[in-house]
Amino acid sequence: MTIRERASTLTQGLANAALVTAFAAFSAQSAHADDAAKILKAMTDYITAQKSISATFDSDIEVITPELEKIQFTSSGKLQLSRPDKLRVSRTGGYADVQLVYDGKTVSVYGNNAKAYAQVELTGTVDQLVDLIQAKSGAAMPGTDLLLTNAYDELMSNVVLAQHIGQGVVDGVECEHLAFRGVDTDWQIWIESGARPVPRKYVITSKTLAGAPQYTLRIKDWKTDAVADADTFVFKPPSGVTKVDLDSGVMAEFDEIPPGTPSGAKK
């Protein structure tokens, strides 16, 4: 074999090796994407199948100052859900002290800092409630997409890349760690391993703002057989508070940050 023939054979061999490596990498990436989608679908199917849910949560939202300093605002809360049409959410933080109660016919929002509440008639479902709140107030309410009956479709609607990163531990619970890339936002989710695939941690990263601020939600005390008391979804306004329109600004407390502060990481 001549030197030229040997060189040609070596070049062809390197090209074949590179092709095999690229194919293996592509196959692995596809498998990771399939794993991520399968695990996420199992979670959304499980959550959707639960008729009653209660949980507590802690949330952190980051803002970026004009000097490019990251500031976090933190709050904690509790949610109770009875499908298809009852929801109660409360959250307290440095700039938020708010309750939302929905009984299937009326949605009531109470802001303790504002000493005001708003009510809107809405006969429908929790899904329709979330649409109404976002349309009326512009509040993103991150995390509510995990509870929707079409949660999988909503979560995957803008995904361009999905990965099963591996395992992680959140609040002492072993979880599957998934990462998803979108056009404007990336997000990660940690889902409890085993027979009860509930979300334990959810991180949304905004790529359209300098500094890529994040929203982090950690969900604890999951109960999927939480039968609520009869009064759980009945709103009783405290004495001395004012009734206002939903558009008046009482929903501003759902944004978790002081009014006028630029925010990000909304999905």
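A salt bridge here is a side-chain nitrogen of Lys or Arg within 4 Å of a carboxyl oxygen of Asp or Glu. K86 has a relative accessible area of 28%, so it counts as partly exposed (buried is under 20%, exposed over 50%, and partly exposed in between, with a 1.4 Å probe and protein chains only). The model is predicted, so local features need pLDDT of at least 70 and side-chain atom pairs count only at pLDDT 80 or more, while totals for chains, interfaces and linings use all residues. Residues are numbered from 1 along each chain as its sequence is written, and side-chain values use heavy atoms, with hydrogens and water left out.

As for the overall build, the chain has 3 helices and 12 strands; these are DSSP runs numbered from the N terminus, with helices being H or I of at least four residues and strands E of at least two. Of the 267 residues in the chain, 45% are buried. Taking contacts (heavy atoms within 4.5 Å) between residues at least 6 apart in sequence, 53% join residues at least 24 apart.

On to the inside of the chain. A nonpolar core is a set of buried Ala, Val, Leu, Ile, Met, Phe, Trp, Tyr and Cys residues joined through side-chain atoms within 4.5 Å. The largest one holds 46 residues, and L40, V107 and I189 touch the most other members. Helix α1 (residues 3-49) gives the most to this core, namely 6 residues. With neighbours within four places in sequence set aside, V107 is in contact with L100, V101, Y102, A118, Q119, V120, L129, L132 and I133.

Back to charged pairs: the structure holds 9 salt bridges. Helix α1 carries both D45 and K41, which are 4 residues apart, about one turn of the helix. Their side chains meet in a salt bridge at 2.9 Å, N to O. D45 is partly exposed because its relative accessibility is 40%, and K41 is partly exposed at 35%.

Another salt bridge pairs R181 with D186 at 2.8 Å, N to O. Bridges that share partners join R181, D186 and K207 into one network. Within the R181–D186 pair, D186 counts as buried because its relative accessibility is 15%, whereas R181, with a relative accessible area of 39%, is partly exposed.
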